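Hi,

Here is the structure I promised to pass on. Have a look at it first, and then read my notes below.

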Amino acid sequence: MTARVSRREIAVVGGGLSGYATAIGLALEGFDTLLVAPATERTDGRSTALIGESIAFLDRIGLADPIAEKGARLATMRIVDDTGRLFRAPTAEFKASEIGLSAFGINILNADLLELLQARATALQDRLSIVSEPVVDVTVEADGATIELADGAMFRVDLVVGADGRQSIVRRRSGITVREWRYEQSAVVLNFSHRLPHDHVSTEFHTRNGPFTQVPLPGRHSSLVWVDTPDAAETARDLRPDRLAERIERRMHSILGAIEITSEVQSFPLGGARASRMAASRVALVGEAGHVFPPIGAQGLNLGLRDAASLVEAAATSRDDAGSKRTLERYDRARRGDVATRTVGVDLLNRSLLAGFLPSQFGRAAGLAALSGIPVLRRFAIREGLSPGAGLRGLPRDLDDRLGVGPRLDPDPS
Ligand SMILES: Cc1cc2nc3c(=O)[nH]c(=O)nc-3n(C[C@H](O)[C@H](O)[C@H](O)COP(=O)(O)OP(=O)(O)OC[C@H]3O[C@@H](n4cnc5c(N)ncnc54)[C@H](O)[C@@H]3O)c2cc1C
């Protein structure tokens with residue numbers, strides 16, 4: 001007996017943050033959308049510093065206010081050269097106020113963001129159906145694609161969106177190739193409370209083994225992403241919480257006073273990946289299915305949300321067939337440059353930290369010194385970091401509204 005094939009316009013495969021955001025955006029554009037979102041075993045302990053256009057997109061899908069309530073504003077980013085090397089950069093401080101904004105963005109726990117996205121998706125039931133069996137096969141033809149789920153259910157769609165992470169089955173079946181690489185680094189991730197207020201400042205200590213980054217959460221709480229050698233990361237994970245807290249306080253030169261660990265300690269081996277294209281016949285990739293970064297400069301999910309925004313925009317120009325060649329070419333063109341420049345930039349910065357080679361150390365230190373000492377360059381870098389192309393063009397006028405200037409964004413009394 002052949003399985004019944006149900007019809008949808010679009011299937012989004014993957015219920016991570018990129019998948020939910022993309023599916024909601026497409027459903028709000030009126031597309032009859034299926035989201036394939038199997039439950040995951042582990043709660044994601046990471047947080048995301050949402051910046052620039054990601055916030056604009058989350059605002060369009062109706063989530064700016066709840067995100068502002070759950071997250072903490074990032075008003076200043078500080079980079080401290082803690083490499084102890086011969087060529088060291090002066091501490092660089094980037095303030096959102098330098099480019100006329102109240103904040104660069106908002107830091108929110110991934111688990112909270114996922115919960116907000118799930119609630120929003122559930123409220124769109126008439127256009128967005130959600131299933132929890134994983135996809136086991138994808139067949140692509142010129143006029144559409146068929147996905148098969150583990151329970152045998154089949155769906156015929158105009159477009160399949162691969163939001164299924166680094167091992168993406170959608171990418172593999174589409175024939176899009178991927179280049180992957182590993183770093184000899186792992187990231188330890190945890191949240192902590194601290195005695196002194198963070199004043200909405202995020203501090204990134206550049207060490208010989210990678211960045212050690214504190215990012216504000218609401219109240220006297222922060223998240224930490226500590227990149228180190230895999231051995232050091234394992235040792236840190238095995239330490240008693242009070243010993244780990246002491247070590248972290250020391251590493252942060254006590255800038256936030258005594259600290260207490262308030263979450264599970266998780267670790268992530270670091271690697272990078274870049275798909276050769278972001279779209280192929282009847283297929284588009286978003287998020288880590290298309291690009292993976294080490295956690296430096298808050299790029300990963302922000303890029304995934306820019307993918308989502310771009311795909312929704314491209315699909316909206318072709319309502320009768322969201323997977324048309326024209327739509328997908330438009331999407332691929334829109335995303336390739338952004339993904340390529342961020343991949344190279346993050347990789348270079350990471351490698352320059354690890355390099356024992358003096359000219360590399362000098363180059364990084366001189367670059368940071370120039371950024372910190374030359375206001376026009378600093379403002380350019382800040383704008384470019386928030387929104388690709390905005391360095392020269394300037395930021396969209398309403399970005400601060402989307403960031404929610406004033407009390408709406410700042411329920412945090414610290
Ligand atoms: C330590 C660390 C800190 C980070 N900090 C930041 C930050 O501050 N800012 C930032 O922008 N980014 C950050 N990132 C990156 C960010 O976390 C990732 O880019 C983001 O979580 C990826 O989301 P995704 O939805 O693309 O992929 P995933 O979260 O991997 O989701 C993929 C989903 O697809 C599902 N799936 C897989 N296979 C199938 C299948 N066959 N069928 C159906 N579903 C399937 C999985 O179950 C999963 O739910 C960080 C990353 C790390 C490692």
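Let's start inside the protein: threonine 327 is buried, because 23 other C-beta atoms lie within 10 Å of its own. (The cut-offs: 20 or more other C-beta atoms within 10 Å means buried, 12 or fewer means exposed, and anything in between is partly exposed, with the C-beta atoms placed from the backbone.) Threonine 327 sits in helix H9, residues 325–354. Helices are DSSP runs of H or I with at least four residues, strands are runs of E with at least two, and both are numbered from the N terminus. Ten residues separate threonine 327 from threonine 317 in sequence, and their C-alpha atoms are 7.3 Å apart in space. Beyond its neighbours within four places in sequence, threonine 327 is in contact with Ala314, Ala315, Thr317, Ser318 and Ala322; contact means that the C-beta atoms, placed from the backbone, lie within 7 Å.

Before you go further, two things about the file. It is a predicted model, where local features need pLDDT of at least 70, side-chain atom pairs count only at pLDDT 80 or more, and totals for chains, interfaces and linings use all residues. Residues are numbered from 1 along each chain as its sequence is written.

How confident is the predictor? pLDDT is its confidence in each residue, from 0 to 100, and the protein chain averages 86, with 80% of the residues scoring at least 70. Take care with residues 404–414, where pLDDT stays under 50 and the model has 20 contacts beyond four places in sequence.

Now the overall picture. The protein chain has 13 helices and 22 strands, and 46% of its 414 residues count as buried. Looking at contacts with a separation of 6 or more, 73% are between residues 24 or more positions apart.

One part to find on your screen is an open sheet of six strands, in the order S9-S3-S2-S13-S21-S20, with mixed pairing. (Two strands pair if DSSP finds at least two bridges between them.) Its edge strands are S9 (128–131) and S20 (279–280), and each of these pairs on one side only. S20 pairs with S21 (residues 283–285) in the antiparallel sense over two bridges. Helix H1 (residues 17–28) packs on the sheet, touching S2 (10–13), S3 (33–36), S9 and S13 (159–162), and its direction makes about 170 degrees with that of S3. That angle is between N-to-C directions, on a scale from 0 to 180 degrees, with axes fitted to C-alpha atoms (for helices, over the stretch in contact).

Next, a buried strand residue. Valine 157 belongs to strand S12, residues 154–157, and it counts as buried because it has 25 other C-beta atoms within 10 Å. Valine 157 is 146 residues away from alanine 11 in sequence, yet the two are 6.5 Å apart, C-alpha to C-alpha.

What about the ligand? There are 32 residues around it, and Gly14, Gly16, Gly165, Gly287 and Gly300 come nearest; a residue counts as near if its C-beta atom, placed from the backbone, lies within 6 Å. H1, S4 (47–51), S14 (178–194) and H8 (300–316) are the elements that give two or more residues to this shell, and H8 gives the most, with four. The shell divides into 16 nonpolar, 13 polar and three charged residues. Here Ala, Val, Leu, Ile, Met, Phe, Trp, Tyr, Cys and Pro count as nonpolar, Asp, Glu, Lys and Arg as charged, and the others, Gly among them, as polar.

Strand S16 (residues 210–217) is worth a look too. Eight of its eight residues are buried, so S16 is largely enclosed by the rest of the structure. S15 (residues 201–207) pairs with S16 in the antiparallel sense over five bridges, and a hairpin through two residues joins them. On to S17 (residues 221–228), which pairs with S16 in the antiparallel sense over six bridges. S16 and S17 also form a hairpin, with three residues between them, and glycine 219 in the turn has a positive phi of about 70 degrees.

Last, two loop residues. Aspartate 199 has a positive phi of about 55 degrees although it is not a glycine. It lies in the loop between S14 and S15 and is exposed, because 10 other C-beta atoms are within 10 Å. Histidine 253 also has a positive phi, near 50 degrees, and is found in the loop between H7 (241–251) and S18 (259–261).

Happy browsing!

Methods. Two residues are in contact if their C-beta atoms, placed from the backbone, lie within 7 Å. pLDDT is the predictor's confidence in each residue, from 0 to 100.
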